[in-house]
Amino acid sequence: MKANKKNNPKNDVSQQSIAYYQKEREILLALGNDLTKVRDKNDLIRLFKDGIKGLYFITHTIVTTIDYKDDTYSPFLLDNDGSPIREHPRYAEMIKTRFPLNEPFIQAVLDASEPVSFVLSDIMDDPISPAFLRVNYEKGVREILMAKLMREGRAIGFLHIYTDQINGFSQNFRDVIVGIIPQISSAVSNIVKNEELLKREKEKTFLLEFSSRMAAVRTKEELTETVRDVLKQLSPTGSFVIRRICDETKSFTAPYIYDFGTHPLPKVKVDWFQQLPLNDGLQNRILTSAIPLLFDVDREVQRGITSGYLHYWRSLGIATFTGIRLRNGETNLGLLLLETAEINIPLLQSICAQISTAISNTLANEQLVKKQQEQSFLLDFSNDITQLRTKQDLQSAISRVLDKTLSTRLSMIRVIEADGTHLSPFMYDATLFADAKNDFDKLASNLITIDELYTAQVFASKEGLVFNVDEEIKKGNDYARLWKTTGRRNMYGLPLRIGDKNIGTIWLLADQLNKMLIKGICSQISIAIDNIRANEQLLTYKKNLEIENDYLKEQIRTIYNFSEIIGSGEPMQQVYHLMSLVASTATTVLVTGETGTGKELVARGIHTSSDRKDKVMVKVNCAALPAHLIESELFGHEKGAFTGAFERRIGKFELAHESTLFLDEIGELPLEAQSKLLRIIQERELERIGGQQTIKIDVRLIAATNRNLEEEVKAGRFRADLYFRLNVFPIQLPPLRERLDDIAQLTDFFIQKYSRYTGRKIKKIMPKVIQQLRGYSWPGNVRELEHLIERSILLTTTEIIEHIYLPQPHVESGQDELQLLNYSLDELERNYIIQVLKRCAGKISGPGSASEILQIPGNTLHSKMKKLNIRKNEYFS
């Protein structure tokens, strides 16, 4: 009996289970003891794997932690030795990804009370499953065991255990994991807390070092270097800008210090380098916020923020940035914009507090340096002012020296005219009298004489006079009431002299001035004014010539500028494509199209894009040439070749040598001239009328016509051989009725053009007007549209074009009426509705819609469309 009991298999299994559980308890006890000592995150995974590898086989293990701020989980502890996916191309991506908590896979783990396993092939192809499942599968992993890590009743992360076997996690293994999870949770929590402590200690050390450096800052350059170094540690690129509130207005900011970090420096300073209003929709939010704000660039642009710094940063690829105000006590100094994806609020606030103090100290130091520079500046002024030759330069120099050395501004300089009696205004600062502009304009424009009361007193004095504003008001001084509006106490009137000769007076409003200092300044101003007046007439002539020259250059650029061609729709894109193909060649081009479609602009565009663009394109309007002068105009003539030929004339072909000849309205050329033109095109040489010399020419020919030359050839009005010579590279311009998408763009162009010409300020055109324009047939094409916009601008009395004066349709009888007899009533109605819908861009009801043009309700139009089987693709693309 004893022998049988000893050999019983059930007893053997029981003994094995007892041994296994004893070993399991030993593993749990050993792991528990070791895990309580873990402080370094890299030790936790190693201890876990070493503790269980004797009993179970797993490929690798990782720990992820939860971030409840954005409801994501991400890798925290990685198995750097055992992970089979380290060589996977997407490994680097996986360890940086933040996976959402709301996906079904991880929700199943969160809902489970115990560890839960998944076969990868069952779940990895779900569209919302995390990508790391497939990555592991592709490296041989077949099953994953997930256990949530808990702390104080809340999930703080997950333990991921992987195996390359299906059903590789036995119940015994799961029991071990259940037993060890509390210790792992505690270890992970301790590691997180330890890292936070280390991070805070590092931040304190960092702030102490930064504070030490900031205490030594004295100049803007030192401030820039120090701020750049510290912000590089907070921003991945180191890109930042500090904008300071302007002292003068308190309503604008200007860039104070900045750095683009790893981004390229702009070649041209864009508008964010200038002063920008505080109330731009973004800066004001920063300045009123007690904490830093994180901004998404695209979202702010969509909100309508137009400030240049936002759009410039967007062009650099910056996605997010932080804005924080800089304050000295209760005073806003400015704001910091820092490229970063996250905000460490306490650290950033501490840094900005020190930056604010350093900015205040730097500004105070700058003021001290400014005072020290005033004396040397005055010396430089004395040397420089005598070399000035223009009134503008002198006024800038005077304003600069008065502001920097005397903290005042120029009221008025009057100079004695050539008659020696009258004084006229020479320069003044009208902004000083902004509160009494009308009175100032009236008094400033007056011509006075040297005998005028106050002027005579100033000339009679040796060093000038001081007029107390309040006392002068009591005396009834008209000027004093104007002076009072500036808030200054005294008006200083000083004579401007060269030697003993009076040349004018200078008037300065201030509370108090250094008389000796202003006396030296006035003597230098006198010399400069005398020099400027001596050269003023010459400068006027020179300026007029420059203006005329600039005007001619601008006119040439406008006339021959390819950008004058307006339109981006598909029909014009085809035209642009053809132009680009032929522009760089010498091929003859035939431009055809209805009147007013812009044939000449196309010719000019081809010319300015060719190798001949440095020479002027020569234009000939064939329709405007008298029949008896065509040959002379085109080919030239010798002196005495015919009656009235008093001198040699160079023809248009010779003028266009090595350039482009544009023959407009070629279809109007008489047959006799056509034959001679054909010979020149064939031979590339000509003889002037009355001449015997053969002249070789190199001319690129562009012809244009609104006629159908094929029909003209059939009718015998145009030579077939000339037509084939011209029709080498045809470009057909579409009529405006086929360019409905370009009407809005063309309208905006003509509004801007004629607003400048007419002096009207048109800011907007109503959408219903655009719809009306799209619904018109445009027999005169773009030229008709241009004239219509010009007329509408002249007729409107506001800044908005609300009405358009379209010509009334004119029904003609004839062939078109006969064609209508070939259609049924339903066909006519169907075709007409489709055409109207096309012109209204498919809009069926509402303002500018097809129902409005047809003068029927929208529901009625819907019914008709259904009845007539009108499909959307027939009127809308």
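These legends walk through several close-up views of a predicted model.

**View 1. Strand S7 has a partner strand in both S8 and S12****.**
Let us begin with S7, which covers residues 240-245. Is this strand mostly covered or mostly open? It is mostly covered, as five of its six residues are buried. S7 pairs with strand S8 (residues 252-259) in the antiparallel sense, over six bridges. To find your way along this pair, look for Ile245, which stands opposite Thr253 in S8. S7 also runs antiparallel to S12, and five bridges join these two strands.

**View 2. Strands S11 and S12 form a hairpin****.**
S11 takes in residues 320-328 and S12 residues 331-339; the two pair in the antiparallel sense over eight bridges. Which residue is the bridge partner of Asn328? In S12, that partner is Thr331. Two residues sit between the strands of this hairpin, and Gly329 takes a positive phi near 70 degrees.

**View 3. Strand S10 pairs with S11****.**
Now follow S11 to its pairing with S10, a strand made of residues 293-296. Four bridges link S10 and S11, again in the antiparallel sense.

**View 4. The largest cavity has a volume of about 240 Å³****.**
How many cavities of 30 Å³ or more does a search of the whole structure find? There are three. Rolling a probe the size of a water molecule over the atoms shows where empty space is left. The largest cavity is lined by 17 residues, and Met412, Arg414, Tyr479, Trp483 and Trp507 lie nearest its centre. Elements that each supply at least two lining residues include strands S13 (409-416) and S18 (501-510), along with helix H18 (478-484). By class, this lining has twelve nonpolar, three polar and two charged residues.

**View 5. The second largest cavity holds about 170 Å³ of space****.**
This cavity is lined by 17 residues, and Ile62, Pro75, Leu78, Ile85 and Met94 are the closest to its centre. Which strand gives the most to this lining? S1 does, with three residues. Among the other elements that supply at least two residues each are strand S2 (72-77) and helix H7 (132-138). The lining of the second largest cavity divides into eleven nonpolar, five polar and one charged residues.

Key
Residues numbered from 1 in each chain as written. Predicted model: local features only at pLDDT ≥ 70, side-chain atom pairs only at ≥ 80, totals over all residues. Heavy atoms only, no water. Pairing = 2+ DSSP bridges. Buried < 20%, exposed > 50% of the residue type's maximum accessible area, 1.4 Å probe, protein only. 1 Å grid on protein atoms, 1.4 Å probe; cavity = no way out; pocket = protein on both sides within 12 Å on 5 of 7 lines; lining within 4 Å. Points joined across faces, edges and corners; volume = space filled by probe spheres on them. Nonpolar A, V, L, I, M, F, W, Y, C, P; charged D, E, K, R; others polar.
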